Amino acid sequence: MPDAGASATPGRDALADRQLLEPIARAALAEITPESTVGAFREITVEDAVATVHFSPRMGGYPGWVWAVAIAVNEGLEPSVLETELIPSDGALVAPEWVPWSDRLEEYLSHQADEDDSEEEDSDDAEESDDSEESDDDDHEHDEDDLDPDDDVDGVDIDEHAPMTEHDDTEHDDTEHDPTDED
């Protein structure tokens, strides 16, 4: 750090600025991140008595990002670190802009309604072509096996494995032997 009597006036001599501000900026970054994550010096920008020192990062997953250290550089005062941060530059990989949940839900519901409408149109078209081709088969949609209550379920005859009760025997006997039927 420069002695208290030294005057820091960035912008007059870029090399002097770098020699004065780069060590201060690196020391500030060392407080928040390992030194191995701070790469090469990039530039110093000065605006309104604040010099921002930029460094490249040495971390995977941060292409296009920059370490930035803002340093107050008032005439007659010792430079003072204001802020340290990792910021995206042009072309940096960043998260998409945040969209409120209500807006996302509205968009989702609208999209679902559009899909339902297009599916309904497709099914109407398919039904019209099916109706014209298979109008004769409509009466025979169900086979006799489909209407038989003693159908097999998954290849197993349910009635065959069901326990028989007295009521089942009498009902079964009544259907096989009609008392009015004389043979």
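Visitor: Is Asp-48 buried or exposed?
Guide: In this predicted model, Asp-48 counts as exposed, because its relative accessibility is 71% and the cut-off for exposed is over 50%.

Visitor: And where is Asp-48 placed?
Guide: Asp-48 sits in the loop between strand S1 (38–47) and strand S2 (50–57). Its phi is near 55°, which is a positive value in a residue other than glycine.

Visitor: What about the phi of Ala-49?
Guide: Ala-49 has a positive phi too, about 60°, although it is not a glycine. Ala-49 also lies in the loop between S1 and S2, and at 32% relative accessibility it counts as partly exposed.

Visitor: New topic: how many aromatic pairs does the structure hold?
Guide: There are 2 aromatic pairs. One of them joins Phe-41 and Phe-55 edge-to-face, 6.2 Å centre to centre with 75° between the planes. That pair links distant parts of the chain, with Phe-41 in strand S1 and Phe-55 in strand S2, 14 residues apart. Phe-55 is buried, at a relative accessible area of 0%.

Visitor: Which residue pairs with Trp-65?
Guide: Tyr-62 does, again edge-to-face, at 5.6 Å centre to centre and 90° between the planes. Tyr-62 is partly exposed at 35%, whereas Trp-65 is buried at 16%.

Visitor: Last one: which residues form the nonpolar patch on the surface?
Guide: Trp-101, Leu-105, Tyr-108 and Leu-109, with about 450 Å² of accessible area together. Leu-109 is found in helix H2 (residues 101–133) and is partly exposed, with a relative accessible area of 49%.

Terms used: Residues numbered from 1 in each chain as written. Predicted model: local features only at pLDDT ≥ 70, side-chain atom pairs only at ≥ 80, totals over all residues. Heavy atoms only, no water. Patch = residues over 30% accessible without salt bridge, like charges linked within 9 Å, V, L, I, M, F, W, Y side chains within 5 Å. Areas by Shrake-Rupley, 256 points an atom, 1.4 Å probe, with all protein chains shown as cover. Salt bridge = Lys/Arg side-chain N within 4 Å of Asp/Glu carboxyl O. Helix = DSSP H or I, 4+ residues; strand = E, 2+ residues; numbered from the N terminus. Buried < 20%, exposed > 50% of the residue type's maximum accessible area, 1.4 Å probe, protein only. Phe/Tyr/Trp six-rings, centres within 6.5 Å; stacked < 30°, edge-to-face > 60°.
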